[in-house]
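Here is a short briefing for a first look. Please keep the sequence and the structure side by side as you read.

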Amino acid sequence: MNKFVKTLKNIFSIEELRDRIIYTLGFLAIFRLGSYIVLPGVDPSALSDSSGGLLGMLNIFLGGAFTRASIFALGIMPYISASIVIQLLGMAVPYFQRLQKEGESGRKRMNQITRVLTIVITLAQGSGYLYSTIPNEAIVISQSLFYPASMIILTAGTVFCMWLGEKITEKGIGNGISMLIMIGIISGFPTAIVQEFQTQGFSIILVVELVALFFIVMGVVLLNAAVRKVPVQYARQVVGAGGKKRTLATGQRSYIPLKVNAANVMPIIFAQSLMFLPSLIAGVWADDSDAARWVMQNFSDYTSFAYNFTFGMLILIFTYFYTAITINPDQMAEDLKRNNAFVPNVKPGEETSSFVSWILDRITLPSAIYLAVVAILPAFASMLGVSSAFSRFYGGTSLIIMVGVILDTLQQIESYLLMQNYDSMMKSGNIKGRQNVATV
C-alpha cells in the first residue's frame, strides 16, 4: 500500500504527466455527460431498456448511450468502422498503399478521408438507428422535424466524440479513441457488480465469482503481453576515415517482437458482427421449416452450443485472416536486408520471409484458440448462474479492450516516470558519458 501511495505521489509530482491525466479525466467526464443527454423530442420513459445481439454489444461499448437515445448514441463506432475500412483498403488499393508510404503527408490525407467516411457512415447508421430503435410512441414532436434534426445531432455527436478522442491522444494520456470505448465499458461494471451482489448476497458464491474474474483478467493480461522474440544480428561496420583511426563497430544483437495476439480484438468484432445473420435469415422461413426454426432458436441464444461453436470457428478463421493482412513477412525481410541485418542461421531475403511466416503460423494458432475461449467465456459464466450484466466482464470483446487500453496507458505513465528518473540522475551527475573509445 505504501508503494502504491508513493507511486501516486511520483505521478502527480511530474507537472506534464499531472496535466495530461487531468485533461484526460476532464474529456472523459464530458463524454460521459453527453451520453445522458437525450435527443430532443424523445420521451426517455417510452424507450426500451434491453437490446441483444450486436445491438447489445454496441450498447456496452457506448456505456448505455445507445438505449438511452443519447446525442452520443452512435458514439465513436462510425469512426472505428471507417478506420477498419481504410485499413483494409490500404491492403488492396494501390492509391492507399501509396499514401501509407508518403510519411506524414500521406497520414494526414488518410486521416481526412477517414473523417469524411465517418460522416457518411454516421448518416447511414443514424437513419437505421432512428427508424429501428426509437418507437413512434417515444417521439413527442412532429416526425417530419424529428428525423432530420436527429440525423444532424447524431452526426455532430459522433464528430464531437471523434474530436474528443483526438484531443485525449494529443493532450491527455493513452489512445483517445480506445479510452472512450473503455470508459463506456467500465461505466457498466459498478451497476453489474451491485446487481450481482443483490442477487447472490455476500456469500461464498460471490467470492468464487470474483476470484474467478481475477484469474481470468490475469490470464488475459499475460496472453495479451506475450511475444515471440525473433533474434536479429546486425552486420559489423567499419567506422572512420581510414588508416589508424578506423574502428570496427561490433554488430548489434536485437530481436523482432512478434505478438502472440497480433490480431488483438478484431477477430471477435468481425465474428460478432456476423453472428446475427443466421437467425435473421432463418426468420424468413421460420413459419414453414423446422430447420429454420431450429437455427433461429439456437442462434438467438448466445449460450447454445451451436452459437458458441460457430462463434469460435469464425474467430479462428478471422484471427488467421487479420494476422495475414496486418503482418507482412516479405516487407519485414526486405526491411532487415535494407538495414544490413539478418536472422542468425537464416539467409536474407526469401528464406527470412519464409522463416517469419513459419513462426507466425505457429503462434497464431494458440492466439486464435485463446481468443475463441475468451469470447465464449461469458456464455459459460451465464450458464453457471452469473447474471448477464456481470458475465459480460468474464471475457469477450469488453475484457480484451479494457485490458489492452489499461496496459497501454500504464506503459505510457511508466515511460514518464522512467524519463523523470533519468533526468534526475543526469542532473545529479550519477550518469557520465564515456570519453575514451577503443580503436582497432
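Is S35 buried or exposed? S35 counts as buried, because its relative accessibility is 1% and the cut-off for buried is under 20%. Keep in mind that this is a predicted model.

**Around S35**
- S35 sits in the loop that links helix 2 (15-34) and helix 3 (53-61).
- Beyond its neighbours within four places in sequence, S35 is in contact with A65, R68, S70 and F72.

**Helix 4**
- Helix 4 covers residues 77-92, which makes 16 residues.
- At 1.5 Å a residue, helix 4 should span 22 Å, and its end C-alpha atoms are 23 Å apart, so the two values agree.
- Several residues of helix 4 are buried, including M77, P78, Y79 and I80.
- A82, I84, I86 and G90 are also buried in helix 4.

**I86 within helix 4**
- I86 lies in helix 4.
- Its relative accessibility is 5%, so I86 counts as buried.
- Not counting residues up to four places away in sequence, I86 touches F96, M110, I113, T114 and L117.
- I86 and I113 are 27 residues apart in sequence, yet 8.2 Å apart in space, C-alpha to C-alpha.

**Nonpolar cores**
- The largest nonpolar core has 80 residues.
- The residues with the most contacts inside that core are I76, Y129, L130, I134, I185, F311 and I315.
- Another core, of 14 residues, lies apart from the largest one; V232, I256, L360 and I363 are among its residues.
- I185 touches I60, F61, F393, S398, I401 and M402, leaving out residues up to four places away in sequence.

Conventions:
Residues numbered from 1 in each chain as written. Predicted model: local features only at pLDDT ≥ 70, side-chain atom pairs only at ≥ 80, totals over all residues. Heavy atoms only, no water. Helix = DSSP H or I, 4+ residues; strand = E, 2+ residues; numbered from the N terminus. Expected span 1.5 Å × (residues − 1). Buried < 20%, exposed > 50% of the residue type's maximum accessible area, 1.4 Å probe, protein only. Contact = heavy atoms within 4.5 Å. Core = buried A, V, L, I, M, F, W, Y, C linked by side-chain atoms within 4.5 Å.
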